[in-house]
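Welcome! Take a moment to look over the sequence and the model, and then let us walk through some of its rings and one of its helices together.

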Amino acid sequence: MDLNLYLQRIGITKLTPCSSTPSLSALRELHRRHLFSVPFESLSIHIGEKIILDTLWIYQKIVLRRRGGFCFENNGLFLWVLQELGYQPRVLSAKVRNPFTFVFGTQFDHMILSVELEGRRWLCDVGFGDGILDPFPLEAGWEEEQDSGVFRLRVEAEEWCLESKEDNDQWRSLYKFTLEERRFEDFREMCDYLQTSPSSLFVCKSLCSLLLPDGRLTYIGRKLISTEYTKGGGSVKTTEELSDEEIPDLLREKFGIVLNATFVPKDEMLAPNPDGQ
C-alpha cells in the first residue's frame with residue numbers, strides 16, 4: 001500500500017515537513033480532506049459486492065478504485081494512515097442512534113478513533129454520514145461549532161455521547177461510546193451483519209453522502225438531498241427526485257463513483273430487529 005497514493009486521493013500532492021510530523025494542524029487537515037474527498041456510502045451492498053474487513057482490500061477500494069465506504073472502511077483506512085504517519089490512534093466502539101428508528105445499535109455498531117496530541121485526547125471520525133468535520137476534544141461537556149454543525153460531548157457514568165444541535169436548538173444523539181480500546185478485527189462480525197441484515201440501514205437504503213465546503217450532498221434511493229449549513233447548527237435542505245436512469249450519471253458526476261456491476265436503487269423501511277435494537 002502506498003501512502004502517497006492515499007494522499008493524492010484526498011488532494012494532498014506531497015507531505016511537507018510540518019504535515020509529515022504528528023500535530024493537531026496536520027491531523028485536522030487529513031481529517032477534513034478525507035471527508036471532502038471520500039464518500040460515506042453503502043453502494044457495494046446494492047451491486048452484490050461483499051465488504052471485507054481487511055486494510056488492503058479497503059485501500060484498493062477507496063484509493064485505487066476511488067470509491068467510498070461505511071464506517072469500518074473509512075475509519076479503518078484512516079487508522080492505517082495515522083499509524084503510517086507516526087500517530088498512535090486507538091480504536092473505539094460506538095453504538096449509533098438510528099435516524100429512522102431512534103434506537104441505539106449494539107456494541108461494535110460503529111468504529112471511531114481517538115488520538116492523543118498536545119496534551120489532549122481527540123475524537124476522530126471520518127466514517128459517519130453527518131458528523132464532525134474536525135477532530136473533537138474528548139472532554140466531558142465540550143461544545144463546539146464546526147462548519148458541519150454544533151456538537152457536544154455528554155458523559156453519563158462511563159459512557160460518552162456525541163450530540164448535534166438541531167434547528168430548534170434541541171440536541172440529537174448521534175452515537176455513544178466508551179474509551180475502552182478495541183482492535184480493528186473486533187468489528188468483523190458486525191461488518192458482516194450490517195451488510196446482510198434486513199434491520200440494517202445499509203441493506204435497506206442505497207446511499208452515498210459527501211461533505212462539501214458549505215454543506216452536504218446525499219443520494220438515497222431515488223432522491224438527491226442537498227443540505228446547506230447555516231450558523232448555529234441550522235441547515236436548509238432541498239430534495240430532487242431521480243429516475244433509475246439518472247442515478248449512475250449522478251454518482252459519477254457528483255461523487256466520482258463508477259460502479260462496475262448492475263446497481264439496484266433501494267429505499268425501504270428497516271425490518272424490526274428481533275433483539276429490539
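Are Trp160 and Phe177 buried or exposed? Both Trp160 and Phe177 are buried, where buried means under 20% relative accessible area and exposed over 50%, with partly exposed in between (1.4 Å probe, protein chains only). Before going on, please note that this is a predicted model, in which local features need pLDDT of at least 70, side-chain atom pairs count only at pLDDT 80 or more, and totals for chains, interfaces and linings use all residues. Residues are numbered from 1 along each chain as its sequence is written, and side-chain values use heavy atoms, leaving out hydrogens and water.

Now to the aromatic pairs. Rings of Phe, Tyr and Trp (its six-membered ring) pair if their centres lie within 6.5 Å; planes under 30 degrees apart count as stacked, over 60 as edge-to-face and the rest as tilted. By this rule there are 10 aromatic pairs. One of them joins Phe70 and Phe72 edge-to-face, at 5.4 Å centre to centre and with 80 degrees between the planes. Phe70 is buried, with a relative accessible area of 1%, and Phe72 is buried at 0%. Trp160 and Phe177 are stacked instead, 6.3 Å centre to centre with 20 degrees between the planes.

Phe72 also belongs to helix H4 (residues 71–84); helices (H or I, at least four residues) and strands (E, at least two) are DSSP runs, numbered from the N terminus. In H4, 12 of the 14 residues are buried, so this helix is largely enclosed by the rest of the structure. After H4 comes Gly86, whose phi is positive, near 95 degrees.

Technical notes: Expected span 1.5 Å × (residues − 1).
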